[in-house]
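Please look through the sequence and the structure shown here, and then follow the explanation below.

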Number of protein chains: 2
Amino acid sequence: MGSSMKDVATLASVSLGTVSNVLNHPELVAPATAARVHRAIRELEFIPNAPARQLRSRHARVLGLVVPDIANPFFTEVARGVEDAALDAGYVVILCNSDAQAEREDRYLAVLESQRVGGILITPARKSLKPLGRLLGNGVAVTLLDNDAPAQDVCSASVDDRMGGALAAEHALDLGHRKIVWLAGPADIPQVADRELGLMSAVRHAGASVQRLAAKQMTTASGEMAMESALSQGIDFTALVCANDLLALGAIRALTRAGLRIPDDISVIGYDDIEFAASAAIPLTSVRQPKYELGHAAAKLVISECEDPASHAHQRVQFQPQLVARQSSSPVSASDTLRR
Amino acid sequence: MGSSMKDVATLASVSLGTVSNVLNHPELVAPATAARVHRAIRELEFIPNAPARQLRSRHARVLGLVVPDIANPFFTEVARGVEDAALDAGYVVILCNSDAQAEREDRYLAVLESQRVGGILITPARKSLKPLGRLLGNGVAVTLLDNDAPAQDVCSASVDDRMGGALAAEHALDLGHRKIVWLAGPADIPQVADRELGLMSAVRHAGASVQRLAAKQMTTASGEMAMESALSQGIDFTALVCANDLLALGAIRALTRAGLRIPDDISVIGYDDIEFAASAAIPLTSVRQPKYELGHAAAKLVISECEDPASHAHQRVQFQPQLVARQSSSPVSASDTLRR
DNA sequence: TATCAAACTTGATACGTTTCATTTAGCGCC
DNA sequence: GGCGCTAAATGAAACGTATCAAGTTTGATA
C-alpha cells in the first residue's frame with residue numbers, strides 16, 4: 001500500500017511536521033535532517049496524497065478545461081497548449097466537452113466545483129457568465145478561452161477575430177476579387193460574428209460588396225450543403241471566404257463537383273489553418289490562429305492566479321491572426337475581370 | 001464560501017452522520033428527515049467536497065486517460081467515448097498526452113498516482129507494463145486501451161488489427177490487384193505491426209506479393225515523403241495500403257503530383273476511417289475502427305472495476321474493424337491487367 | 001558560566017468527509 | 001407493564017496532510 005508521511009517520519013526518526021517542512025518549506029530544515037527524510041521518502045517510495053493536501057491547504061493543482069468539442073481540430077491544438085503549460089507547473093487537466101450545450105456545461109461546472117479544482121479554462125456555451133459566478137465566489141480562478149472578457153473579474157485569452165476577418169477580406173481584395181461570398185456559420189457563435197464584422201468592414205472600405213451564405217454547423221458536411229444549394233441557384237462570384245476550414249473543405253467538394261476549378265475559377269479562403277488545411281489536395285489558404293499559444297497562454301494565466309490569488313491582476317491577452325496564402329487562392333482571372 | 005455538511009446538519013437540525021447517510025445510504029434515513037436535509041442542501045447550495053470524500057472513503061471518481069497524442073483524430077474520438085461514459089457515471093477524466101515518450105508517460109503516471117485517481121486508461125508508450133505495477137499494487141484500476149492485455153491483472157479494450165490488415169488486403173485482392181504496396185509506419189508500434197501481419201498473411205494466402213515501404217511517423221508529411229521517394233525509384237504497383245489515413249492522404253498528394261490518377265491508376269486504402277477520410281477531395285476507402293465505442297467500452301470497464309474491485313473479473317474486449325469502400329479504390333484497370 | 005537570539009523541531013489542531021459502534025425511539029406481544 | 005425488536009439517529013474516530021504556536025538545541029556573546 002501507499003505509505004504516508006507518518007511512515008516517512010517514523011523511518012527518518014523525525015516528526016510529521018518536519019517531513020511536511022521538507023516538502024513545503026525546505027529552507028526551514030537542517031540539511032542533514034532533510035537528507036535523512038529524503039532517503040526515507042525514496043526508500044518507502046512515498047508519493048504525497050494530493051487530495052489530502054488540498055483538503056488541508058485549500059489549494060489544488062487541478063484545472064478544468066471546458067470546450068465545445070475537442071474533436072474540432074482547433075480545440076485539439078488549444079488543449080495541447082493548455083496541457084503542456086499545466087504539466088510544466090505540476091498541474092493536471094480535466095477535459096470537459098460541453099458540445100456547446102448549456103445543460104452539459106452546467107453539469108460539468110458542478111462536477112468541477114465538487115472536485116474543488118483550482119482553476120477553470122472555459123469557452124462558454126452561452127453569452128451569460130452567470131453560471132460562473134458561483135465558482136468565482138468560491139475562489140476558483142476562471143479564464144475565458146477564445147473569448148474576450150467582458151467583465152473585470154476574470155482573465156481572458158483570445159485571438160482578434162475582427163482582424164482575422166479583415167485579413168481574409170483584404171487578401172481576396174488584393175488579388176483583385178470583387179465578387180465575394182462569405183460562408184458563415186450559426187449566427188450565435190461570437191467568434192464567427194466578429195470575423196464577419198471584420199470582413200464586412202474591410203470589404204465596404206474597399207467599395208466592394210459581399211454575399212452572405214450561412215451554414216447550419218461548422219462542419220464539412222454543412223459547408224458542402226450550403227455551397228451546393230447556392231450553386232444550384234446560380235450564384236455568381238470569384239472568391240469564397242469561409243468562417244472556418246471545415247466549411248471551406250466542404251465547399252471545395254461542392255465546387256469541384258460542379259466542375260469549377262480552384263483557384264482558377266474560384267479562390268477559396270478558410271479560417272483556423274488546421275493541419276489538414278495545408279495537406280489537403282488543394283492546399284488551403286487560411287487565416288492562422290496561434291492555437292497552441294492561445295491554450296498555453298490561457299493556462300499560464302489561470303495557473304498564476306491559482307498560485308497567488310492575492311497579488312493577481314486580471315488580464316486580457318489577445319493574439320493576432322495571420323494570413324497563410326496557399327494554392328487555393330490566386331489573382332482573379334482575366335476572363336472574370338473582363339466579364340465584370 | 002462553500003458550505004459543508006456541518007452547516008447542512010445544523011440547518012436541518014440533524015447530526016453530521018445523518019447528512020452523510022442521506023447522501024450515501026438514503027435507505028437508512030426516514031423520509032421526513034431526508035426531505036428536511038435536502039431542503040437544507042438546496043438552501044445552502046451545498047456541493048460535496050470530493051477530495052475530502054475520497055480521503056476518507058479511498059474511492060475517487062477520477063480517471064486518467066493516457067494517450068500518445070490527442071491531436072491524432074483516432075484518439076480524439078476515443079477520448080470522446082471515454083469522456084461520455086465517464087460523465088454518465090459521474091466520473092471526470094484527466095487528459096494526459098504522452099507523446100509516445102516513456103519519460104513523459106512516467107511523469108504523468110506519477111502525477112496520476114499522486115492525485116490518487118481511481119482508474120487509468122492507457123495506450124502505453126512502451127511494451128513493458130512494469131511502470132504500471134506500482135499503480136496496480138496500490139489498487140488503481142488499469143485498463144489497456146487499443147492494446148491487448150498480455151497479463152491477467154488488467155482489463156483491455158482493443159480492435160482486431162490483424163483482421164483489419166486482412167480486410168484491407170482482401171479488398172485490394174478482390175478488386176483484382178496483384179501488385180500491392182504496404183505503406184507502414186514505425187516498426188515499434190504494435191498496432192501497425194499487427195495490421196502488417198494480417199495483411200501479409202492474406203496476401204500470401206492469395207498467392208500474391210507485397211512490397212513494403214516504411215514511413216518515419218504516422219503523419220501526412222511522412223506519408224508524402226515516403227511515397228515520393230518510392231516513386232522516384234520507379235516502383236511498379238496498382239494498389240497502396242496504408243497503416244493509417246494520414247499516411248494515405250500524404251501518399252495521395254505525392255501520387256497526384258506525379259501525375260497518377262486515383263483510383264484509375266492507383267487504388268489507395270487507408271486505415272482508421274477518420275472524419276477527413278470521407279470528406280477528402282477523393283473520398284478515401286478505409287478500414288473503420290469503432291473508435292468512440294472503443295473508448296466508451298474501455299471507460300466502462302475501468303469504472304466497473306473502480307466501483308467494485310472485489311467482485312471484478314478482468315476482461316478483454318475486442319472490436320471488429322470494418323472496410324468502408326469509397327472512391328479511392330476501384331477494380332484494377334484493363335491496361336494494368338494486360339501489362340502484367 | 002550565564003544569557004539570548006537564531007536555527008531547528010515538535011505536537012496539537014483542523015480541513016470535510018465516511019464509517020461504525022452506540023444510543024434512542026417506537027411498537028407489538030405475552 | 002416489561003420484554004425484545006426494528007428503525008432511526010447520534011457521536012466519535014479516522015483518512016493524510018499543512019500550519020503554527022510552543023518547545024528544544026546550538027552557538028555566540030558578555
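How do the axes of helix 5 of chain A and helix 13 of chain A cross? In this predicted model, local features need pLDDT of at least 70 and side-chain atom pairs count only at pLDDT 80 or more, while totals for chains, interfaces and linings use all residues; side-chain values use heavy atoms, without hydrogens and water. Residues are numbered from 1 along each chain as its sequence is written, and chains are lettered from A and ligands numbered from 1 in the order in which they are written.

The axes of helix 5 (residues 73-88) and helix 13 (residues 291-307) of chain A come within 7 Å and cross at roughly 40°; axes are lines fitted to C-alpha atoms, for helices over the stretch in contact, and angles run from 0 to 180 degrees between N-to-C directions. Helix 5 of chain A is therefore oblique to helix 13 of chain A, a word for angles that are not under 35 degrees (roughly parallel), over 145 (roughly antiparallel) or 65 to 115 (roughly perpendicular).

In chain B, six strands form an open sheet with mixed pairing, in the order 7-6-8-9-10-12; strands are DSSP runs (E, at least two residues) and helices are runs of H or I (at least four), numbered from the N terminus, and two strands pair if DSSP finds at least two bridges between them. Strand 7 (209-214) and strand 12 (322-324) of chain B each have a single partner strand, so one side of each is left without a neighbour in the sheet.
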